[in-house]
Amino acid sequence: MTSAAESITESLRRTRQLMVQEVERSASTLMTVDESTGVLTKAESEYKGHCSLLTRTRNLLSTMQRQDVLDRVILVVGFTIFSLAVFYVVSKRIGLLKLQRKLIEAVKAGTAGQVEIVPRVGREGANVAQVQMNPVPELNVPLEQAMHDEL
């Protein structure tokens, strides 16, 4: 009976030892889970911070893209207006529009390219006939609008 009691006591000690080991292992697992929970909580807060940063960055990029398009449109419009102003000033200074109108009038009148002979007195007193090519004669045809130089 003593030997059976000792065998049962020994069996209980082993069971107790196994339960102690299992409790220690469970405590270790619980500590690991707590640490993992802390790491996940920290990662979640960092993710939320990065998410808000990414949202602000996306908004800034879209604003910058809109501003870039607006700047390009302003540059194109400004360059176009500048080019038109330069063309207007140059055409007024050179008189391209007057020359073009006179040439068109001469072509319509059929007098472009005709030879004109003008008598002139030479240096020694002799009459000399001078041939002048007058591709664009002076026509005094009134235009639809009165022309005036603004410059």
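These legends accompany close-up views of one predicted protein model.

**Figure 1. The whole chain, from one end to the other.**
Let's start with the overall plan of this predicted model. The protein chain contains 2 helices and 2 strands. Starting at the N terminus, these elements follow one another in the order α-α-β-β. How many of the 151 residues are buried? Buried residues make up 3% of the chain. The chain exposes about 13700 Å², and carbon and sulfur atoms supply 63% of that area. Among contacts between residues at least 6 apart in sequence, 40% join residues at least 24 apart.

**Figure 2. Confidence along the chain.**
The average pLDDT of the protein chain is 81, and 71% of the residues score at least 70. Which element has the highest mean pLDDT, and which the lowest? Helix α1, covering residues 2–94, comes out highest with a mean of 94. Strand β2, covering residues 127–133, comes out lowest with a mean of 50.

Side chains of opposite charge can pair when their charged atoms come close. Glu10 and Arg13 form such a salt bridge, and their closest N and O atoms are 3.9 Å apart. The cut-off for a salt bridge is 4 Å, so a pair with these atoms within that distance is counted. Because the two residues sit 3 residues apart in helix α1, about one helical turn separates Glu10 from Arg13. Glu10 counts as partly exposed because its relative accessibility is 39%. Arg13, at 54%, counts as exposed.

Move along to Arg25, which forms a salt bridge with Glu22. How far apart are their closest N and O atoms? The distance is 3.1 Å. Both residues lie in helix α1, with a spacing of 3 residues, or about one turn of the helix. Are these two partners buried or exposed? Arg25 has a relative accessibility of 54%, so Arg25 counts as exposed. Glu22 has 37%, so Glu22 counts as partly exposed.

**Figure 3. Glu44 and Lys48, with a spacing of four.**
In this view, the side chains of Glu44 and Lys48 meet in a salt bridge, at 3.6 Å from N to O. Both belong to helix α1 and lie 4 residues apart, about one turn of the helix. Lys48 is exposed because its relative accessible area is 52%, while Glu44, at 43% relative accessibility, counts as partly exposed. A search of the whole structure finds 4 salt bridges, among them this one between Glu44 and Lys48.

**Figure 4. A nonpolar patch on the surface.**
Our last stop turns from charged side chains to nonpolar ones. Which residues form the nonpolar patch? They are Phe79, Phe82, Val86, Val90 and Ile94. Together these residues have about 500 Å² of accessible area. Take Phe79 as an example: this residue lies in helix α1. Is Phe79 buried or exposed? Its relative accessibility is 57%, so Phe79 counts as exposed; the cut-off for exposed is over 50%.

Conventions:
Residues numbered from 1 in each chain as written. Predicted model: local features only at pLDDT ≥ 70, side-chain atom pairs only at ≥ 80, totals over all residues. Heavy atoms only, no water. pLDDT = per-residue confidence, 0-100. Patch = residues over 30% accessible without salt bridge, like charges linked within 9 Å, V, L, I, M, F, W, Y side chains within 5 Å. Areas by Shrake-Rupley, 256 points an atom, 1.4 Å probe, with all protein chains shown as cover. Buried < 20%, exposed > 50% of the residue type's maximum accessible area, 1.4 Å probe, protein only. Contact = heavy atoms within 4.5 Å.
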